[in-house]
Amino acid sequence: MLLLEESLSHLGPSVLLLLQLLLPPASAFFPNIWSLLAAPGSITHQDLTEEAALNVTLQLFLEQPPPGRPPLHLEDFLGRTLLADDLFAAYFGPGFPSRRFRAALGEVSRANAAQDFLPTSKNDPDLHFDAERLGQGHTRLVGALRETLVAARALDHTLARQRLGAALHALQDFYSHSNWVELGKQQPHPHLLWPRRELGSLAQVGDPTCSDCEELSCPENLLGFTLLTSGYFGTHPPKPPDTTGSMGEEINAAKIQARHIVEQRRGSPMEPVHYVLVPFHDPGFGPVFTTSDPDSFWQQLNEIQALGGGDEPEMCLSALELALLHTPPLSDIFVFTDASPKDAFLTNRVESLTQERRCRVTFLVTEDPSRVQHRARREVLSPLRFEPYEAVALASGGEVIFTKDQHIRDVAAIVGDSMADLVTLPLEPPVVVPGKPLVFIVDGLLQRLTVRIHGEVSSFCIRNPAGVSQGQEEGEGPLGHTRRFGQFWMVTMNDPLQKGTWEIQVTAKGTPRVRVQAQTSLDFLFYFGIPVEEGPHPGLYPLTQPVAGLQTQLLVEVTGLGSRGESGDPLPHFSHVVLRGVPKGAELGRVPLEPMGPWERGLLAASLSPTLLSTAGPFSLELIGQDGGGQGLHRAAPQPCSVVPVLLELSGPPGFLAPGTKAPLGLHIASFSGPQDLDLRASVNPSFALTSNLSRVLLEHNESAWGRLWLEVPDSAAPDSVVVVTVTAMGREASSVPPTHAFLRLLVLAPAPQDQLAAPAHSSGPVLTTASPGFRPSTLVTRGIAGGGLAGNTWWGTVGGVLLLLGLASW
């Protein structure tokens, strides 16, 4: 397995310092973009984070001109609203997509916003520079920055972004919750980010600093105080009086494709900065090999040799799960194998993990499902043995491609090229129906369109809106160029594409797979959230997946609006979101999208009712709209979504883990859609001792349960490493309730000498979730994350399969 990062690595190392974010007196901000629902026009933590990141990116682009392109000029950006699309188009060229950069930035900003919702952080004055605890806040801020660096060195960029978001929240709160600006300071605090410096001149709890405040806003209520002081927020601790509140060919193909991807991206913003390799066979998988040196990676990869051949089945899903735990979100994953999975019991867990990470998995299998001869067998093989791969591919938005040894290199190259910066266009219907054409829409923002057809195809015909058609004959045709490798066809259409409705007619045995992709800068990201009206922070509480029985908000972030061509052109826009069942494509509902803020930001929202989300099985999200010229627009999310049956949350300790300690973890589970009888199972990666006091739960409608787990970190635990804890809730016996998974990432740190007496920094996980006004949220909710395990500590020279990842860790 190879993990390829896409990054700005050629620009050199950089540090995101958001220190010029001083607000005027009596200003404040809400926790995230979703708070615009409650307070339109407010400055949010997300606004501050994203604007500062764009300013720093512009500074980097100005200091290091792009190779082979004219340098940027500061005057071209003065007086303009900075947009990622504009920056990337100016630096890398027109139409260059910023979606991945914005997704990575979104991880930081959402982690920032989450600090106002997490039960372990929202009421902690040390994390918000409240309650005259500025010294303690300084210690916690420095600790969060240290955890950011440790996680980055451990190559867990998701965790690094989460800790950076927490640190930036505290940094912003210092200037908003203290009187630094009111003291007339025009520069950042010189000691705020230094671990061995004191803030100095701090007010104490008993000092009279300001007059009482009877309203939400308290302008000019400071009492001429010259020491650094803070406000009070909430009721814990209470404010004092007078204060204020605030395998052979498969292995060779993997090697060739890995080198192709690296060489193709060298010198570009997608150049890898670290590499990961995960082999597997029977009975083992792993270990994970990670390096930032491409030469070391090539040496390790070239030492891998295939086994004698014919082993069936193998530990493919265990290796895939382990890979996903070391993979950043929005990655594309190749699995090269010639065998079915021995560990099919992991199918649901890996499905959910791919959805939570939003990673797309493509299996390239050189074992035809119908072929049974010429291979050594330890057991009679079922013709359905590849169904786990089909399930994982469906859940992740990927595919399973069966091919033969002589075609694996060509097919891998085609699929690998299609993973880079392309969108998959929705088909109507989404699967081949005999006698019915597949329909898709081409708009003026698409180019490099390709049609891929895989299966036992007798014939196919592609027709453009003008009625010009092309069949399966190889070579050049009236619409484009056709190539064939066994049962795999690839048709590359000529540019410029004709706008309008296109059709594909396929005649085949069985169920062929058809996928249409194109290059475009116009795409979208999406998130789910639950409205929160009570408490000090109104807004939306983020969800990874919707929860059955809860009213849910869909948040859409459209990317590529700033790269639409001439500056005077009208903006494209999306008006509705369509939910479709997967895989058959039945329309479940159509909901209008409402803009949030200026159109050019591309932020949209839709309200999804519990009735709309009551369908069993996965569903896809499609956006419908028009481009600037009135032509129809149609975009689909790369991965389908699922509604989880219960809310399952796992919360960590208030500090990092240390070797030789025992850490308590909190567990919360709630049902909002009916009675549930569930078994609870817990695991941890690496395999530390983990015990729980809750193994079964019976829940009625709108009922919750809480439990406790204890994680033992051995003395031998590696410092500066990441631990992933997983809890799974499963319906008992023959229950039709699908499993729900929650996971929590924690850091193991060896306390630095200067930190021995410091308050510990908070552990963190991905975005969080909430429920209803009567529900008390906990640390982390996500569907499908599960811990994998290393199969020993030795490096194998021979394997039965290999995973090749095209990742985005540094973005």
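Predicted model: local features only at pLDDT ≥ 70, side-chain atom pairs only at ≥ 80, totals over all residues.
Residues are numbered from 1 along each chain as its sequence is written, and side-chain values use heavy atoms, with hydrogens and water left out.

**The nonpolar cores**

- L621 also turns up in the largest nonpolar core, which has 34 residues; F528, L554, V577 and L621 are the ones that touch the most other members.
- A nonpolar core here is a set of buried Ala, Val, Leu, Ile, Met, Phe, Trp, Tyr and Cys residues joined through side-chain atoms within 4.5 Å.
- Buried means under 20% relative accessible area, exposed means over 50%, and partly exposed is in between (1.4 Å probe, protein chains only).
- At least two residues of this core come from each of β18 (523-532), β20 (552-559), β21 (573-581), β24 (603-608) and β25 (619-626).
- The top contributor is β18, with four residues.
- There is also a second, separate core of 30 residues, and V278, L322, L346 and F402 are among its members.
- In soluble globular proteins, nonpolar side chains tend to be buried together.

**A four-stranded sheet**

- Four strands make an open sheet in the order β27-β28-β32-β30, with antiparallel pairing.
- The edges are β27 (647-651) and β30 (689-692); each has a single partner strand, so one side of each is left without a neighbour in the sheet.
- Strands count as paired if DSSP finds at least two bridges between them, and β27 and β28 (residues 661-671) have five, running antiparallel.
- Across that pairing, L650 stands opposite L667 in β28.

**The whole protein**

- Altogether you get 11 helices and 36 strands; these are DSSP runs numbered from the N terminus, with helices (H or I) of at least four residues and strands (E) of at least two.
- Of the 811 residues, 58% count as buried.

- Q46 sits in helix α1 (residues 45-63) and is buried, with a relative accessible area of 6%.
- Q46 and S109 are 63 residues apart in sequence, yet 5.0 Å apart in space, C-alpha to C-alpha.
- Two buried cysteines are C316, at 0% relative accessibility, and C359, also at 0%.
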